[in-house]
Amino acid sequence: MTLSRTARSTVLAVALLSASASALAVPSPAQAAGLPPACQEALLETFDKFPVVDFTVPDKAKNTMLGEVLGLSEADQKVFTEKACAAWNTWATDNGQAVAADLDTRYRNAAGPVCNKFAKSSLATIKKYAPNVPAETRELEKLAKRIWKSSMEKLTAGANNADCRAAYDAAKAGW
């Protein structure tokens with residue numbers, strides 16, 4: 001059961017970061033212990049590789065994505081392989097500063113509210129950088145896309161603010 005919980009936490013930290021480089025909760029080092037070494041590194045060091053300053057993920061979006069991750073099947077969790085995580089680590093090290101700068105710039109330039117700033121800046125940055133993520137991470141990316149789409153659909157349906165509803169609806173098509 002620990003591996004399952006660990007893999008789910010890793011999906012959140014790695015797959016969504018590969019999708020949006022967002023600042024989501026990182027599980028403890030003990031939770032990472034059951035993963036391949038490169039996935040442990042990805043889990044524990046990815047946030048350092050994407051040093052955003054202004055970019056923010058609204059709590060509602062974080063919680064919705066976390067709910068999606070917690071519902072992943074064992075089969076979904078198998079995408080966390082040594083090869084995929086090692087490729088991710090290298091890519092994140094090489095591109096993290098540029099991705100973070102792009103996210104911050106887009107976030108600052110997007111119109112409020114925060115939900116719109118998050119959705120627009122995330123999606124634009126994802127579309128810009130996703131084509132350059134290594135082929136070894138494609139299964140992680142597929143999973144991240146499913147999580148993103150489902151999360152945006154739920155956020156659209158649950159948004160009380162018309163601007164947020166429109167932002168999440170526009171973002172659900174993904175990259």
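Q: Which word, buried or exposed, applies to Trp91 and Tyr129 in this predicted model?
A: Both Trp91 and Tyr129 are buried. The term requires a relative accessible area under 20%.

Q: What makes the pairing of Trp91 and Tyr129 edge-to-face?
A: The ring centres of Trp91 and Tyr129 are 6.5 Å apart, and the planes make an angle of 75 degrees. Planes over 60 degrees apart count as edge-to-face, so the term applies. The pair links distant parts of the chain, with Trp91 in helix α6 and Tyr129 in helix α7, 38 residues apart.

Q: Why is the pair of Phe50 and Trp91 called tilted?
A: The angle between the planes of Phe50 and Trp91 is 35 degrees, with 6.5 Å from centre to centre. Stacked rings need planes under 30 degrees apart and edge-to-face rings over 60, therefore this pair is tilted. Phe50 lies in the loop between α3 and α4, 41 residues from Trp91 in helix α6. Both Phe50 and Trp91 are buried.

Q: Which residues do ring pairs link into a cluster?
A: The cluster consists of Phe50, Trp88, Trp91 and Tyr129. The count of aromatic pairs comes to seven.

Q: Which residues is Trp91 in contact with, leaving aside its neighbours within four places in sequence?
A: Trp91 is in contact with Phe50, Gly96, Val99, Tyr129, Asn132, Val133 and Pro134. Trp91 is also among the residues with the most contacts inside the largest nonpolar core, which has 28 residues. A second, separate core has twelve residues, including Ala38, Cys39, Phe80 and Ile147.

Q: Why is Thr156 called buried?
A: The relative accessible area of Thr156 is 12%. The cut-off is under 20%, so Thr156 counts as buried. Thr156 is found in helix α8, where other buried residues include Leu140, Trp148 and Met152.

Q: What makes the approach of Met152 and Thr156 a polar contact?
A: A polar atom of the Thr156 side chain lies 2.8 Å from the backbone oxygen of Met152. The limit for such a contact is 3.5 Å, and 2.8 Å is within it. Leaving aside neighbours within four places in sequence, Thr156 is also in contact with Arg165, Tyr168 and Asp169.

Q: How do you know that the span of helix α8 is close to the one expected?
A: Helix α8 covers residues 138-158, which is 21 residues, and reaches 30 Å from its first C-alpha to its last.

Q: Why is Ala42 called buried?
A: Ala42 has a relative accessible area of 0%. Buried means under 20%, so the term holds for Ala42. Ala42 lies in helix α3 (residues 37-49). Ala42 and Ala92 are 50 residues apart in sequence, while their C-alpha atoms are 8.8 Å apart in space.

Q: Where is the cis peptide bond that joins Gly112 and Pro113, and what is its omega?
A: Pro113 lies in the loop between α6 and α7, and omega for the bond is about 5 degrees. Most peptide bonds are trans.

Technical notes: Residues are numbered from 1 along each chain as its sequence is written. This is a predicted model: local features need pLDDT of at least 70, side-chain atom pairs count only at pLDDT 80 or more; totals for chains, interfaces and linings use all residues. Side-chain values use heavy atoms; hydrogens and water are left out. Helices (H or I, at least four residues) and strands (E, at least two) are DSSP runs, numbered from the N terminus. The expected span of a helix is 1.5 Å times one less than its number of residues. Buried means under 20% relative accessible area, exposed over 50%, partly exposed in between (1.4 Å probe, protein chains only). A nonpolar core is a set of buried Ala, Val, Leu, Ile, Met, Phe, Trp, Tyr and Cys residues joined through side-chain atoms within 4.5 Å. Contact means heavy atoms within 4.5 Å. A polar contact is a pair of N or O atoms within 3.5 Å; within protein, one must be able to donate a hydrogen and the other to accept it, and residues adjacent in sequence count only if both atoms are side-chain atoms. Rings of Phe, Tyr and Trp (its six-membered ring) pair if their centres lie within 6.5 Å; planes under 30 degrees apart count as stacked, over 60 as edge-to-face and the rest as tilted.
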